[in-house]
Amino acid sequence: MSSLTNKRILLGVTGGIAAYKSADLVRRLKERGADVRVVMTEAAREFMTPLTFQALSGNPVHTDLLDPAAEAAMGHIELARWADRILVAPASANFMARLAEGRGDDLLTTLCLATRSPLSLAPAMNQGMWQNEATQANLLRLQERGVSVFGPGDGSQACGEVGPGRMLEPAMLAEALAAQFESGRLSGRKVVITAGPTREAIDPVRYLSNHSSGKMGYALAEAAAEAGAQVTLISGPTHLPRPDRVQRVDVTSAREMHEASLSHAAQCDLFIAAAAVADYHPAEYLEQKLKKGDSDQWQLTLVKNPDIVAAVAALAGGPTTIGFAAESENLLEFARAKLERKGLRGIIANDISREGLGFNSDDNAVILIDRERALELGPMSKTQLARALIHELSDYLPASASDS
Ligand code: C5P
């Protein structure tokens, strides 16, 4: 079963008897880990109530374009940006016609116009309406614009007729949607990613560390797995669950991360250092907890940690190596200097002074820098950004034997 963990799915429900199946679809999408928000057209509300979808999705249902209260909570543009994918199920003949025309005359059509995320439809209608030339012409127009279409299935219909026009079953739709996230760009490749903070022990109860949540590294691991790679995530202490299909190696200190990285990096194609590695560790580890004592001061002597990403980049015949640069000033200049100093193929530069982005937040904006260019990506969710980065980084890999 393909996963939808952390995926934000906007489910559009239009007016048709198949709308009752969309209630089950919400459950199927959530079962696979998706965060689901439902938008209903006016006609859909003749068949089902928003309350049903609210209860099943766990989120408020969106219905109106010009409702000030709804816009204040999550406006239509925000909703369009929020979605990783939009699925309209059922998609009625009328909705397909409005979409093909490029109309923005209700919330759902406006969202479909505003979004930059992929759009999928699961048509459901009477077989005569489906086979009508006008519907088929609209279908073609939509497909030419990159809209993907699931179904419809063939069989007996609610109206008593038999033919094409049945909405696909919810389980099939959930699987088809999940499969769309899998690009295959990294199939057959091995990827190692470091993530999270490290902890440098002072004594049995104290340590030096930082505020890294590990979210960016985990999102990259998930996106790489989604792209078909065999992924090893070398993780410092975080509260995050192991992403599906990812092998996690737990470490605590920078020196442990260094050792684990070197033992895995030699056999991989792509190494991404997303960890916020502590630069120093205490020179001496105290076997017993240090007592407060009488002194007002405590001096710690710190020793530099090994630079993990630089060590991996220096491996003869080693992987394509990518680092991160979190900077609060002179972003491009400092990141380029780091790229050279550490001998990296590319560096992902992060301006940590931007409010609501980066460290410990769900959204991020970065610049991917290599010797030829600086590519701006975001702001977007870390999940979307990770996918965009994996797409770009996969282009750095030399063609493998299986590609030729
Ligand atoms: O030197 P600085 O810490 O700013 O560099 C950040 C990049 O280097 C990140 O990719 C981080 O994961 C990596 N790094 C490392 N080992 C260290 C310090 C940083 O791999 N000891």
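Reader: Okay, which strands does helix H14 lie across?
Author: Helix H14 (residues 331–342) lies across strand E16 (320–327), strand E17 (346–351), strand E18 (363–369) and E19. It runs at about 150° to E17. Such angles go from 0 to 180 degrees between N-to-C directions, with axes fitted to C-alpha atoms, for helices over the stretch in contact. Contact means heavy atoms within 4.5 Å.

Reader: What should I know about the model and its numbering before I go on?
Author: This is a predicted model, where local features need pLDDT of at least 70 and side-chain atom pairs count only at pLDDT 80 or more, while totals for chains, interfaces and linings use all residues. Residues are numbered from 1 along each chain as its sequence is written, and side-chain values use heavy atoms, leaving out hydrogens and water.

Reader: How many helices and strands does the chain have?
Author: There are 15 helices and 19 strands. Both are DSSP runs numbered from the N terminus: helices are H or I with at least four residues, strands are E with at least two.

Reader: And how much of the chain counts as buried?
Author: Of its 404 residues, 50% do. Buried means under 20% relative accessible area, exposed over 50%, and partly exposed in between, with a 1.4 Å probe and protein chains only. Along the principal axes, the C-alpha atoms fill a box of roughly 85 × 60 × 35 Å.

Reader: Back to strands. In what order do the eight strands of the open sheet go?
Author: The order is E12-E11-E8-E13-E16-E17-E18-E19, and the pairing is mixed. At the edges are E12 and strand E19 (374–381), each with a single partner strand, so one side of each has no neighbour in the sheet. From one strand to the next, the twist averages 20°. Two strands pair if DSSP finds at least two bridges between them.

Reader: Is strand E11 mostly covered or mostly open?
Author: Mostly covered: five of the six residues in E11 (residues 230–235) are buried.

Reader: What does E11 pair with?
Author: Strand E8 (residues 190–195) pairs with E11 in the parallel sense over six bridges, and Ala 195 has Ser 235 in E11 as its bridge partner. E11 also pairs in the parallel sense with strand E12 (residues 246–250), over five bridges. There, the partner of Thr 232 is Gln 247.

Reader: Which helix lies across E8, E11, E12 and E13?
Author: That's helix H12 (residues 254–265), running at about 165° to E11. As for E8 and strand E13 (residues 270–273), they pair in the parallel sense over four bridges. Ile 193 has Ile 272 in E13 as its bridge partner.

Reader: New topic: what is the strand order in the five-strand sheet?
Author: This open sheet goes E2-E1-E3-E4-E5, with parallel pairing. Its edge strands, E2 (35–40) and E5 (148–149), each pair on one side only. Strand E1 (residues 8–13) joins E2 in the parallel sense through six bridges, and Leu 11 stands opposite Val 38 in E2.

Reader: Which helix touches E1 and E2?
Author: Helix H3 (residues 50–57) packs on the sheet there, with its direction at about 170° to that of E2. Helix H6 (residues 93–101) packs on the sheet too, touching strand E3 (85–91) and strand E4 (119–123), and its direction makes about 150° with that of E4.

Reader: At what angle do H1 and H3 pack?
Author: About 15°, with their axes 9 Å apart. That makes H1 roughly parallel to H3. Angles under 35 degrees count as roughly parallel, over 145 as roughly antiparallel, 65 to 115 as roughly perpendicular, and the rest as oblique.

Reader: Which residues of H1 meet H3?
Author: Ala 19, Ser 22, Ala 23, Val 26, Arg 27 and Lys 30 in H1 meet Thr 52, Phe 53, Leu 56 and Ser 57 in H3. By class, this contact has five nonpolar, three polar and two charged residues. Ala, Val, Leu, Ile, Met, Phe, Trp, Tyr, Cys and Pro count as nonpolar, Asp, Glu, Lys and Arg as charged, and the others, Gly among them, as polar.

Reader: Last one: at what angle do H1 and H10 cross?
Author: The axes of H1 (residues 19–31) and H10 (residues 170–180) come within 8 Å and cross at roughly 45°. These two helices are therefore oblique to each other. Among the residues of this contact, seven are nonpolar, none polar and three charged.
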